[in-house]
Amino acid sequence: MKQDTKIVNAGRRKEWTNGSVNPPVQRASTIVFDTVKDMKNAIVNRANKTLFYGRRGTTTTFAFSEAMTQLEGGAGCALYPCGTAAITSALLSFLKAGDHLLMVDTTYEPTRDFCNKILKGLGIETTYYDPMIGADIKSLIRPNTRVLFLESPGSNTMEVQDVPTLAKIAHETDITVILDNTWGSGIQFKPFDYGVDISVQAATKYIVGHSDAMMGTATANEAHWPTLRENSYLLGQCASPDDCYMALRGLRTLSVRMKQHEQSALKVAHWLSEQPIVKTVLHPAFKECPGNEFFERDFNGSNGLFSFVLEDVNDSDVDDFLDNLAHFKMGFSWGGFESLVLRVSGLDRLRTAKPWTEKNPVIRLHIGLEDVDDLIEDLRQGLARFAQ
Ligand SMILES: Cc1ncc(COP(=O)(O)O)c(C=O)c1O
């Protein structure tokens with residue numbers, strides 16, 4: 001089955017939909033049983049999409065979890081109230097006191113904070129590595145290294161990692177490979193084809209796609225699924241059936257939305273690259289982007305999120321540029337139908353394996369589904385203000 005057909009059909013088993021196109025929202029804390037035998041059956045099957053107790057899920061959450069497994073591959077998908085909960089639960093599921101974690105330097109800021117604050121307190125040591133390290137990752141592996149965490153492309157600066165090489169080396173010593181695949185979104189990057197053991201997504205972004213719900217997913221291969229499922233459950237993780245419904249509804253249009261995000265973002269990125277006030281465009285599909293060769297080799301395409309570096313300009317002029325854009329709203333998110341902009345801050349503090357030496361302002365854009373010519377015109381007027 002081709003991907004677009006899969007996206008339409010994923011998770012729509014009659015057991016979950018009860019005959020309608022979409023599954024009804026089944027809200028429940030409590031499931032009631034008629035007989036002791038039914039109750040005992042539910043206990044035996046409680047980890048396998050069987051109604052047992054609200055925290056273990058309902059038919060709506062089962063439908064979404066199954067849909068994500070069909071989309072990303074793997075053996076099963078655990079659901080969380082947000083992407084951050086998916087990341088922290090995946091890490092906690094495979095790390096214990098005394099273990100060592102290799103974390104990509106370009107990771108999402110709250111992931112880094114979790115390592116530096118919570119994991120450190122639990123006696124788990126983190127080493128940050130250059131996203132471009134490739135086969136040299138070997139030199140950082142210790143006898144107690146248990147997890148290699150990747151995020152590709154990297155948050156805000158977009159470095160693309162050599163996932164298969166990193167995964168292959170990690171597996172030589174039985175290290176679990178976890179990837180934050182939010183940018184790849186399950187359609188632009190297929191994690192299990194490249195050696196990833198667990199693919200985490202902030203489904204809050206492109207899966208939900210409409211900026212109106214939070215959701216996290218962690219999809220695991222056969223070997224890692226039982227541990228991930230059980231440990232996430234023990235950590236008390238679950239997702240609301242209403243939000244799973246929203247995520248499923250978003251998922252149905254993921255592919256068509258993504259094609260438009262990709263096309264418009266590439267047009268804006270190319271236009272920006274020709275503007276004298278723009279120093280560099282940080283977009284995985286651009287040759288200048290570190291790891292572009294891995295993007296070309298491993299990805300099916302790009303999306304609406306990229307960054308650019310301005311020439312040396314005044315801070316107040318950057319504020320003025322951002323304050324006066326008409327179509328780009330400022331917000332700490334991406335993946336919805338709307339365009340967003342923010343100034344990336346703290347890169348000098350957030351890159352420790354390989355210091356960020358660029359002094360000029362970095363601007364991150366999410367290109368939404370508006371007419372791309374309106375977006376370019378908005379940016380044209382905004383950039384023109386620097387010259388005034
Ligand atoms: C790459 C990446 N991973 C994870 C997250 C966390 O997702 P959530 O906000 O749903 O916790 C985000 C949110 O911006 C993100 O950009």
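Two strands are taken to pair if DSSP finds at least two bridges between them. In the predicted model described here, strand 11 (residues 340-344) and strand 12 (residues 362-366) meet this condition, pairing in the antiparallel sense over five bridges. Within that pairing, Leu340 stands opposite His366 of strand 12. Strand 11 is also joined to strand 10 (residues 329-330), in this case by two bridges and with the strands running parallel, and here Lys329 has Leu340 of strand 11 as its bridge partner. Strand 11 is mostly covered, four of its five residues being buried.

An open sheet is formed by seven strands in the order 1-7-6-5-4-2-3, and its pairing is mixed. Its edges are strand 1 (76-80) and strand 3 (125-129), each of which pairs on one side only. From one strand to the next, the twist of the sheet averages 20°. Within this arrangement, strand 6 (residues 198-202) and strand 7 (residues 216-220) pair in the antiparallel sense over five bridges, and the bridge partner of Ala202 in strand 7 is Gly216.

Two helices may be described in relation to these strands. Helix 4 (residues 59-72) lies across strand 1, strand 6 and strand 7, and runs at about 125° to strand 1. Helix 5 (residues 83-94) packs on the sheet and touches strand 1, strand 2 (100-104), strand 4, strand 5 (176-180), strand 6 and strand 7, while its direction makes about 155° with that of strand 6. Ser89 has its place in helix 5 and, with a relative accessibility of 1%, counts as buried because the cut-off for burial is under 20%. When neighbours within four places in sequence are left aside, Ser89 is in contact with Tyr80, Ser232, Leu235 and Gln237.

Two packed helices are described by the angle between their axes and the distance between the axes. For helix 5 and helix 6 (residues 109-121), the angle is about 45° and the axes are 10 Å apart. Angles under 35 degrees would count as roughly parallel and those of 65 to 115 as roughly perpendicular, so helix 5 and helix 6 are oblique to each other. The crossing in which helix 5 passes helix 6 is right-handed. On the side of helix 5, the residues that meet helix 6 are Ile87, Thr88, Leu91 and Leu92, and their counterparts in helix 6 are Thr111, Phe114 and Leu119. By type, the residues of this contact between helix 5 and helix 6 comprise five nonpolar, two polar and no charged.

A further helix pair is made by helix 10 (residues 254-273) and helix 14 (residues 372-387), which pack at an angle of about 30° with their axes 10 Å apart. Because angles under 35 degrees count as roughly parallel, helix 10 is roughly parallel to helix 14. The crossing of helix 10 and helix 14 is right-handed. Helix 10 contributes Ser264, Lys267, Val268, Trp271 and Leu272 to the contact, and helix 14 contributes Val372, Asp373, Ile376, Leu379, Arg380 and Leu383. The residues of the contact of helix 10 with helix 14 divide into seven nonpolar, one polar and three charged.

The backbone of one loop calls for separate description. Most residues other than glycine have a negative phi, and most peptide bonds are trans. The peptide bond from Ser152 to Pro153, by contrast, is cis, with omega near -5°, and Pro153 is placed in the loop between strand 4 (145-151) and helix 7 (163-172). Asn156, which lies in the loop between strand 4 and helix 7, has a positive phi of about 70° although it is not a glycine. The relative accessible area of Asn156 is 16%, and this residue is therefore buried under the 20% limit. Met158, whose place is likewise in the loop between strand 4 and helix 7, has a phi near 70°, a positive value in a residue other than glycine. With a relative accessibility of 1%, Met158 also counts as buried.

Conventions
Residues numbered from 1 in each chain as written. Predicted model: local features only at pLDDT ≥ 70, side-chain atom pairs only at ≥ 80, totals over all residues. Heavy atoms only, no water. Buried < 20%, exposed > 50% of the residue type's maximum accessible area, 1.4 Å probe, protein only. Axes fitted to C-alpha atoms, helices over the stretch in contact; angles between N-to-C directions. Contact = heavy atoms within 4.5 Å. Parallel < 35°, antiparallel > 145°, perpendicular 65-115°, else oblique. Left-handed = near helix turned anticlockwise from the far one by under 90°. Nonpolar A, V, L, I, M, F, W, Y, C, P; charged D, E, K, R; others polar.
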